[in-house]
Amino acid sequence: MKSLFIDTSTFFMNISVLEDKEVLASFHEEVHMDMASKIIPIIEELFLNLPFTIHDIDKIFVVNGPGSFTGVRVGVTVAKTMAWALKKTIVPLSSLEFLATTPVDTKYVIPAIDARRGYVYAGVYDRSMTVILKNQYMPYDELKSYLAEGTVVSYDVLEGKTTPHPDVSKIIELHKDDNGVNPHQLNPNYLKLTEAEEKKTKEE
Amino acid sequence: MNDVFILGIESSCDETSVSIVKNGEEEIATVVLSQMDTHASYGGVVPEIASRMHVENITMVIEECLTKASMTMEDITAIAVTYGPGLIGSLLVGVTAASTLAYIYQKPLVPVHHIAGHIYANNLERKMEFPLIALVVSGGHTDLIYMKENYSFEKIGGTLDDAVGEAYDKVARVASIPYPGGPLVDKLSQQGKDTYKLPTPLDDDSYNFSFSGLKSAVINLVHNEEQRGNEVSKEDLACSFQTRVVDILSKKTMRAIDQYQVHNLIVAGGVAANSGIRSKLKELCDQSGVNLTVPSLKYCTDNATMIAAAGYFAYTMGRRAGYDLKAKATDPLH
């Protein structure tokens, strides 16, 4: 099975082409600006060095959140447009689960993404990738009870963090048999309402 | 020459729209998904909500347009997309989808300025003849543009402060006229009389406009009347305001036509739907033998049909973008 993996949910952009769980070509670098205008040229470049084209891809895996709202939209827009055009299905993946594939030597791995004002998007996994605490938008302080036995893996949450080394092969292996989603139905999973919606909900 | 079919994509504000236009003049199919009802409950467009809705709908709107046209992507000559100006998060969705389609189907990608789109909406009514003067009036623009030929835009004047549509919305707000204010002010204006003393905005020798003074005068008038315990007639206020706006727009437009010695006037943008502007310009153009074109109401608001129409001319002139096309919140018309 040939697959395309897209993660634009954090500034560490990862675009990879895989055959089963083997990564054949990959771009993983910090991209702080204009991710939208860089992504297609990057994908085009990856395929230049491969013996097959984008049309031979069987499945698209896309990280659909949580993370940077704009970043997530870029990856999801590319994935759903591409999957629609190529008549393929999409497997959505969690940015936090992807971060959690970073090897750690504690009981738990705690992927976290800064959501500002003391909040994070976070989850807790054990080392066999079983969900201990589901992905959510939460005050950072509420993670404290897991810190003694866990390692925070994050690019941007400062306290006691370990730099992520997420493993594309591992996340694809975990989800290789997931049912694909119709591209029209594939949407970002922001884990957070917009401020306008939050304000309105409060008023009501 | 073979027929050219342009697939246009527009997502600069709160409409997700895709259209297919033949040879820049014949609409084959258009789908417009408006988010207006959602934003109305917030009193205006919320950019983050707009971006979210664009992502949710973009592929469905593309598919629906092709289905409506009984065409496939293989039948499309090139893909045109609004790259700016507009809300950056909204633009990004359309631009990213367009780049992706261009890459997958190996089709030329044509960047279109949103205002060029509004101008070329007129080519869907009848073939635009040059040279011409274009009056662009919308929520973000109030410009007078001289076009010597296709895709040549010389701005001869513009607003120094508020765009005309913006002034309408602010006047609507202060007069407690619900969102969307502009069209309702226009409607009320037709039932009222020009009874309120309001200043004429920037009546000078330039082709520039200024509506902030007029807007402030309306705000002061409403507040003063409220303090005196007098009820403001919304109809008369709308009529007085609209009369000042229409008078100055048409005065400077007709002067431009005279000075640039053109016989063609086109009106473009959301405010081109305004009945006062349409009827006053028609009257003046009829008197002076000027050919006036205004877009049908459905082409006045944001839509991809106009983007595909403009895209045809941009395409035939060889304008192309790479897959690294950047969305731009602001960009001069060129």
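1. The C-alpha centres of domain 1 and domain 2 of chain B lie 27 Å apart in this predicted model. Domain 1 of chain B covers 5-120 + 299-316, and domain 2 of chain B covers 128-294; such bounds come from an automatic or database domain assignment.

2. Eleven residues from domain 1 of chain B and 14 residues from domain 2 of chain B make up the contact, where two residues count as in contact if their C-beta atoms, placed from the backbone, lie within 7 Å. On the side of domain 1, α4 (114-120) and α11 (304-316) of chain B each give two or more residues, and the largest share, three residues, is that of α4(B). Helices (H or I, at least four residues) and strands (E, at least two) are DSSP runs, numbered from the N terminus.

3. In chain A, strand β7 (residues 119-126) has six of its eight residues buried, that is, with 20 or more other C-beta atoms, placed from the backbone, within 10 Å of their own.

4. Strand β6 (residues 108-114) of chain A pairs with β7(A) in the antiparallel sense over five bridges; pairing requires at least two DSSP bridges. I113(A) is opposite Y121(A). Four residues separate the two strands of this hairpin, and R116(A) in the turn has a positive phi of about 70°.

5. β7(A) also runs antiparallel to strand β8 (residues 131-139) of chain A, joined by six bridges. V120(A) has M138(A) as its bridge partner in β8(A). M129(A), in the hairpin of β7(A) and β8(A), takes a positive phi near 70°.

6. Residues are numbered from 1 along each chain as its sequence is written, while chains are lettered from A and ligands numbered from 1 in the order in which they are written. Local features need pLDDT of at least 70 and side-chain atom pairs count only at pLDDT 80 or more, whereas totals for chains, interfaces and linings use all residues.

Terms used:
A residue is buried if 20 or more other C-beta atoms lie within 10 Å of its own, exposed if 12 or fewer, and partly exposed in between; C-beta atoms are placed from the backbone.
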